[in-house]
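Q: I have just opened this entry and would like to go through it step by step. Could we look at the model together?

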Amino acid sequence: MNSVQGLLAASVISIQNSCFTYPACQNCFSRLILDSRRFHCLKCGCSGEAKDASYRYRLSLKIADTNDLFDITVFGSCLDPFFGVTAENLQRYIQDFNQLSGETNTESSTGALVHAVEACFIGKRFIFGV
């Protein structure tokens, strides 16, 4: 799962998602099912209190090299340097911002984050391990 088969130098054309973190199982990295008090992993059966759920980055991109377009998804801590914080901390900042600002509609904070991510990635060239 984590082995790199090759390297691809490509430019980011667009960001395909607007939610860059997800609650992740610490055992298998699958998306957790969250309710207000508990989390549960459908893949490995891990469960616990929702407040203890950890988060992981997931960034879906459309990229292009000199010949082709590709849809790829980048996961995990390799994105920490681009965001400046871990996925766990970013998720906490977003939740704290929404609580402090009294936002019931999170579109404004999400929109600002999407614009920042687009400015960071779109038009830039990266080397992807595929």
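Q: Is Asp-52 buried, partly exposed or exposed?
A: Asp-52 is partly exposed, because its relative accessible area is 46%. Buried means under 20% relative accessible area, exposed over 50%, and partly exposed in between (1.4 Å probe, protein chains only).

Q: What kind of model is this?
A: This is a predicted model, in which local features need pLDDT of at least 70, side-chain atom pairs count only at pLDDT 80 or more, and totals for chains, interfaces and linings use all residues. Residues are numbered from 1 along each chain as its sequence is written, and side-chain values use heavy atoms, with hydrogens and water left out.

Q: Which side chain meets that of Asp-52 in a salt bridge?
A: The partner is Lys-51, at 3.3 Å from N to O. A salt bridge here is a side-chain nitrogen of Lys or Arg within 4 Å of a carboxyl oxygen of Asp or Glu.

Q: And what else does Lys-51 form a salt bridge with?
A: Lys-51 also pairs with Glu-49, where the closest N and O atoms are 3.8 Å apart. Lys-51 counts as exposed because its relative accessibility is 66%, whereas Glu-49, at 38%, counts as partly exposed.

Q: How many salt bridges are there by this rule?
A: The count comes to three. One of them joins the side chains of Asp-71 and Lys-62, at 2.8 Å from N to O.

Q: Changing topic, how many residues does helix α2 have?
A: Helix α2 has 15 residues, 87-101, and reaches 21 Å from its first C-alpha to its last. That is close to the 21 Å expected at 1.5 Å a residue, the expected span being 1.5 Å times one less than the number of residues. Helices (H or I, at least four residues) and strands (E, at least two) are DSSP runs, numbered from the N terminus.

Q: Which residues of α2 are buried?
A: They are Ala-87, Leu-90, Gln-91 and Asn-98. These residues lie on the same side of α2, because they cover an arc of only 100° around the axis; the arc is that of the directions from the helix axis to the C-beta atoms. On the other side of α2, Gln-99 and Leu-100 are exposed.

Q: What comes just after α2?
A: Gly-102 follows, with a positive phi of about 70°.

Q: Where does Phe-29 lie?
A: Phe-29 lies in the loop between β2 (21-24) and β3 (32-34). Its phi is near 65°, a positive value in a residue other than glycine.
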